[in-house]
Amino acid sequence: MTHPTTARIGARELVALLGSWHAEGSRRTATELAAALRVLIIEGSLAIGTLLPAEREFARALPASRTLVSAALDRLRADGFVHSRQGSGSWASLPGDTPRLGLGEPGPGVIDLARAAPEPVPWLMRAFEAARLRFPRFLETSGYTAFGIPETRARIAEWFTARGLATEPGQVLVATGALTALSRIFEVYTAPGGRCLIEQPSYANALLAVERARLRPLAVPMTASGWDLGAVETALRTANPAIGYVVPDFQNPTGHRMSEPDRERFGRILRRAKIPFVVDETVVELDYAGADAPRPLAAFAPGQVITIGSASKSHWGGLRIGWVRAEREVIERIARTDFGAPVFEQLLLTELFDGELGERRELLRERRDELVRLLRANCPQWNFRVPGGGLSLWCELPEPVSTRLVVEAERDGVWLVPGGRFGAHGGLERWIRVPFAQRTALLRECVQVIAGASARLHGAGGAVEAPDLPVI
């Protein structure tokens with residue numbers, strides 16, 4: 001049994017962590033409250049051993065009936081997420097076998113839909129062999145490359161230039177992944193307590209980077225059609241953020257892509273704001289529409305935009321290599337915080353850039369279409385739009401049960417992430433992200449599990465037997 005620590009959380013503070021679990025449209029049940037508290041414990045937002053507020057105080061702060069609060073805590077005690085002792089109160093805990101809600105590593109026999117990332121490109125080993133032949137000449141050096149090796153920087157610069165953003169190698173820094181680059185940018189350009197303008201919903205790991213930098217997220221909601229640029233302009237003018245973060249190409253998780261006219265307007269807004277704005281292009285290469293792509297957002301506000309990218313989604317997640325594109329003085333400033341990316345991975349990235357992604361895009365487009373077909377047939381009450389690129393569908397559920405659905409699916413061998421992980425302040429219980437990066441046969445098994453879990457939650461029929469899931 002986990003014992004309480006000296007840490008305590010007040011009723012109002014706990015309500016703030018819960019976000020919008022009781023927003024309009026929620027059923028305000030003990031089950032929903034228990035699920036919301038449970039995800040806080042699993043994610044670590046509510047640390048293990050933290051003493052909880054008294055039931056009466058918590059109920060008054062919500063506001064809700066004490067009966068509802070008592071019933072929710074009873075559920076958590078029964079499941080091992082809360083322990084109580086007379087005279088000591090109640091505290092957050094973890095049972096021995098805890099669903100992880102997309103955290104950590106999936107266990108044996110679990111299909112991973114928490115990570116939206118496909119298998120490596122077919123030519124990875126050919127690129128590896130070519131990089132291996134070029135590697136020995138670097139053994140005569142120290143191996144440290146603060147900015148990146150010249151050929152890799154040049155190749156990335158050529159790629160940006162071909163997309164309509166004239167770039168020189170001196171405007172490129174090679175980094176150990178886009179997320180590492182984002183954290184380094186936060187380190188250079190912000191101080192704890194500053195505000196970061198961010199989309200709502202947004203990429204879950206970017207939100208973690210904001211939290212780790214001890215920044216305050218300034219969330220601007222996405223609309224059904226994309227970005228509310230009027231709201232972005234107002235937030236920049238009135239809230240005075242120190243920095244911003246946006247994913248204009250197949251936004252994670254919604255899949256929206258910012259149009260060229262909106263990029264022109266966004267550029268004007270950014271030039272007036274005069275703050276650094278990070279543009280994440282991690283999935284820009286995964287475009288299935290075949291139409292002319294809009295120019296990079298940095299083309300419309302070159303002095304304000306710092307572009308980050310990565311080969312993790314387009315080529316392979318195990319490569320762990322990315323880049324930063326910005327003005328020279330920005331690149332030089334960021335480079336002071338690190339010793340650079342590994343040499344061999346940079347050589348491998350240079351080789352991979354020369355490969356053709358057409359077959360990769362076609363394969364992922366087919367998987368997207370298959371997932372669309374499967375969900376429409378098996379989860380007809382779910383709503384979603386079909387994105388023109390990216391790696392996932394952002395699905396609206398008929399009820400606010402995202403966390404419960406994730407728990408049910410994990411028990412049957414499918415690993416998902418609840419909608420709240422993509423919200424700056426939690427909530428989003430009516431939403432769930434379903435990636436289509438897995439092979440088609442696995443997608444079919446996953447949808448069978450998801451449909452069965454959804455049916456149980458909505459009372460549509462009895463329990464559905466989980467399929468015999470393979471080891472990944």
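The model is predicted, so to speak of local features we need pLDDT of at least 70, and side-chain atom pairs count only at pLDDT 80 or more, while totals for chains, interfaces and linings use all residues. Residues are numbered from 1 along each chain as its sequence is written, and side-chain values use heavy atoms, with hydrogens and water left out.

I start with the sheet. Helices (H or I, at least four residues) and strands (E, at least two) are DSSP runs numbered from the N terminus, and two strands pair if DSSP finds at least two bridges between them. Seven strands form an open, mixed sheet, in the order β4-β10-β9-β8-β7-β5-β6. At the edges are β4, residues 172-175, and β6, residues 216-221; each has a single partner strand, so one side of each lacks a neighbour in the sheet. From one strand to the next the twist averages 20°. Angles here run from 0 to 180 degrees between N-to-C directions, with axes fitted to C-alpha atoms, for helices over the stretch in contact.

Inside the sheet, β5 (195-200) pairs with β7 (243-246) in the parallel sense, over three bridges.

Helix α6, residues 150-162, lies across β4, β9 and β10, and runs at about 115° to β4.

Next, α1, residues 11-18. Which of its residues are buried? They are A11, L14, V15 and L18, where buried means under 20% relative accessible area, exposed over 50%, and partly exposed in between, with a 1.4 Å probe and protein chains only. Down the axis of α1 these fall within an arc of 100°, so they line one face; the arc is that of the directions from the helix axis to the C-beta atoms. R12 and A16, on the other side, are exposed. After α1 comes G19, with a positive phi near 65°.

Last, the loops. R214, between α8 and β6, is not a glycine but has a positive phi of about 60°; it is exposed, at 58% relative accessibility. F250, between β7 and α10, also is not a glycine and has a positive phi of about 60°, but F250 is buried, at 5%. P253 lies in the loop between β7 and α10, and the peptide bond from N252 to P253 is cis, omega near 20°.

Notes. Contact = heavy atoms within 4.5 Å.
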